[in-house]
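Subject: Structure handover

Hello,

Please find the structure below. My notes on what was found in it follow.

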Amino acid sequence: MFGIQWDRRCLLIWLLALPFVHGDVKPENFLLGQPGSPDEKKLFLIDLGLASKWKKASSSQHVEYDQRPDIFRGTIRYASVHAHLGRTGSRRDDLESLAYTLIFLIRGRLPWQGFQGDNKSFLVCKKKMATSADVLSCFCPPPFKHFLEMVTNMKFDEEPNYAKLISLFDSLIEVPASRPIRIDGALKVGQKRGRMVVNLEEEEQPKKKVRLGSPATQWISVYNARRPMKQRYHYNVADSRLHQHIEKGNEDGLYISCVASSANFWALIMDAGTGFGSQVYELSQIFLHKDWIMEQWEKNFYITAIAGATNGSSLVVMSKGTPYTQQSYKVSESFPYKWINKKWKEGFHVTSMGTAGNRWGVVMSRNAGYSDQVVELDFLYPSEGLHRRWESGYRITSSAGTPDQAAFILSIPKRKPLDETQETLRTSAFPSNHVKEKWAKNLYIASICYGRTAC
C-alpha cells in the first residue's frame, strides 16, 4: 500500500508533517489498517498523484501565486474553491478539502452533490461560494463551523495555526493526558491538549473574512494616476440619449475611453487622454454585431470599448489612432480563458471586455503595448489576487462582470508609467461622488463594470 500513515486518533493533524500539498483530500483516500494486524490503529493517506510542493525546493520560500482558470486538480465534490478557480495549490486548500470531508462524513451529503453536465465544476464552485458555514455545518457540532471558517479565510501563503485548529476539537475527542504530538517537525512531549484554551472570536475578530461577505452585484471602478486632464462621465443613460452625450463630448474634444451597463442603462466615460483621432459606435440588439465590426475594421477602426446589457443588446466603440495592428474577439457563455491563452501565444493581448447577462465578450489585439498579461477570475471580488498581482508589477487594464463572476485582466506595460498608482472601488450605486474625489488626486477612471462582488 502506497501512502503515509498516522495513528488514527490523530486524523485532525495528519497535515502537520506534510512538506507538500496532497491536492485530492477525500474520504476515499483515507484507509484504516487491517483489523488484527499491527497497523489496525493506523490511518493511511493514499494516492499522491496530485501532490505538489508548497515551498520551493531550494529554499523555505513559499511557491509563487498564480491563477490558470483552465486547470482543475482534485475531486469536484471536495476540492477547495481556489482549486476550482485554477489557483496554485497551497496548504489552505488541503485544509478546506478536509473540512468538506469531515462534514460529509457526519452529514452523509454535501449541498453541491447532484450537479451534472459540462459546467459541473462551475456550478459546484458557485454553490460552495454561496453556502455559508452556518448552513453547511448546521447538523455538526460547533467546532466544525469554526474550523471551516478559519480554513476558508486563509491567505495563499499563510502559515496554518495547527495548534488552534487541533484545539477546536478537544471537546469532541478524548485523548491521553500525555502523549507525543509532532507539529511542524518539532516533537512536543507531555502536552495536555485539553488544557489549550482558544478564544476563537477574540483572536479572529481583526482578521478580514474574505469568504463571508454577502454576495452582491455592484459597480467596480478602476482608477489610474494620470497627469491632470479633462474627464467626463454619464450614467443611467437610456438608448435614446446616447447620441447627444457622445456628440457633446466629441465637440469638447473628448472620446469614449470605457463603457458599462447596469439594468439596461449605459455608463460612459469620456476623456481627453485617449489619443484617438476619430471614433464610431454602434448600439445593437446583437452582442456583438459581427458585420458592423468587420466593416469598421476595413476602415482601420479598432474596438476600444464594449459593454452589453441584460437584455442582450450591446454598445461597441471603435476608434482610429490606436496602436493596434490586428484584432480578434470571442463571445462565450462562460469566461473564455482557453481561447485567451491560445491568443496570448499568438501575440495578442486582451484590450476590452464586456458582458451581456451571463455572456462574455472579449477583444484581443496585436501590438497592445503589454509584455505580459494574467487573469483574475472569481465568484467574488478577488482582492487577494489583485494585490498579489500589483506587488508583481501588474496593473488592471480591463474588467467585466456577470451576475455570477467578476474578471480582471492585469498587464505589465512595455513602457513603465511615470506613476504606477492604481486603485479600485466597489459601490452599490454609480460612484459619481467618489469620482470627483479621485479627480482631485489626479486619479482617473480607467475601467468600469457592473457585476459580481461582495459587500
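Helices (H or I, at least four residues) and strands (E, at least two) are DSSP runs, numbered from the N terminus. This is a predicted model: local features need pLDDT of at least 70, side-chain atom pairs count only at pLDDT 80 or more, and totals for chains, interfaces and linings use all residues. Residues are numbered from 1 along each chain as its sequence is written, and side-chain values use heavy atoms, with hydrogens and water left out.

Overall and confidence

The protein has twelve helices and 22 strands. Of its 455 residues, 50% are buried (buried means under 20% relative accessible area, exposed over 50%, partly exposed in between, with a 1.4 Å probe and protein chains only). A contact means heavy atoms within 4.5 Å. Among contacts with a separation of 6 or more, 68% are between residues 24 or more positions apart.

The predictor's confidence in each residue is given as pLDDT, from 0 to 100. Its mean over the protein is 88, and 86% of the residues reach 70 or more. Strand 7 (residues 186-191) has the lowest confidence, with a mean of 36, and strand 13 (residues 302-308) the highest, at 98. Residues 1-10 have a pLDDT below 50, yet this stretch has 33 contacts in the model beyond near neighbours in sequence. Residues 178-206 also stay under 50, with 41 contacts beyond four places in sequence. Where pLDDT is low, the predicted coordinates should not be read in detail.

Nonpolar cores

A nonpolar core is a set of buried Ala, Val, Leu, Ile, Met, Phe, Trp, Tyr and Cys residues joined through side-chain atoms within 4.5 Å. The largest one has 33 residues, and those with the most contacts inside it include Tyr-100, Ile-103, Leu-110 and Phe-147. At least two residues each come from strand 4 (42-45), helix 2 (91-107), helix 3 (120-130), helix 4 (133-136) and helix 5 (142-152). Helix 2 gives the most, with seven residues. Leaving aside neighbours within four places in sequence, Ile-103 touches Gly-108, Leu-110, Leu-136, Ser-137, Cys-140, Phe-144 and Leu-148. Another core, of 16 residues, lies apart from this one; among its members are Tyr-337, Trp-339, Trp-344 and Phe-348.

In helix 8 (residues 242-251), the buried residues are Leu-242, His-245, Ile-246 and Gly-249. Seen down the helix axis, they fall within an arc of 95 degrees, so they line one face of helix 8 (the arc is that of the directions from the helix axis to the C-beta atoms). These residues pack against strand 9 (231-237), strand 10 (255-262), strand 11 (265-271), strand 12 (278-284) and strand 14 (314-320). Just after the helix, Gly-253 has a positive phi of about 80 degrees.

Which residues of helix 9 (residues 290-298) are buried? They are Trp-292, Ile-293 and Gln-296. Their arc, seen down the axis, is within 100 degrees, so they line one face of helix 9. The face turned away from the buried side carries exposed Lys-290, Asp-291 and Glu-298. The buried residues pack against strand 12, strand 13, strand 14 and strand 15.

Backbone exceptions

Most residues other than glycine have a negative phi, and most peptide bonds are trans. Phe-287 and Leu-288 are joined by a cis peptide bond, with omega at about -10 degrees; Leu-288 is in the loop between strand 12 and helix 9. Asn-264, not a glycine, has a positive phi of about 65 degrees. Asn-264 is in the loop between strand 10 and strand 11 and is partly exposed, with a relative accessible area of 30%. Asn-300, also not a glycine, has a positive phi of about 70 degrees and is found in the loop between helix 9 and strand 13.

Two strands pair if DSSP finds at least two bridges between them. Strand 16 is joined to strand 17 (residues 359-366) by eight bridges; Thr-355 has Trp-360 in strand 17 as its bridge partner.

Regards
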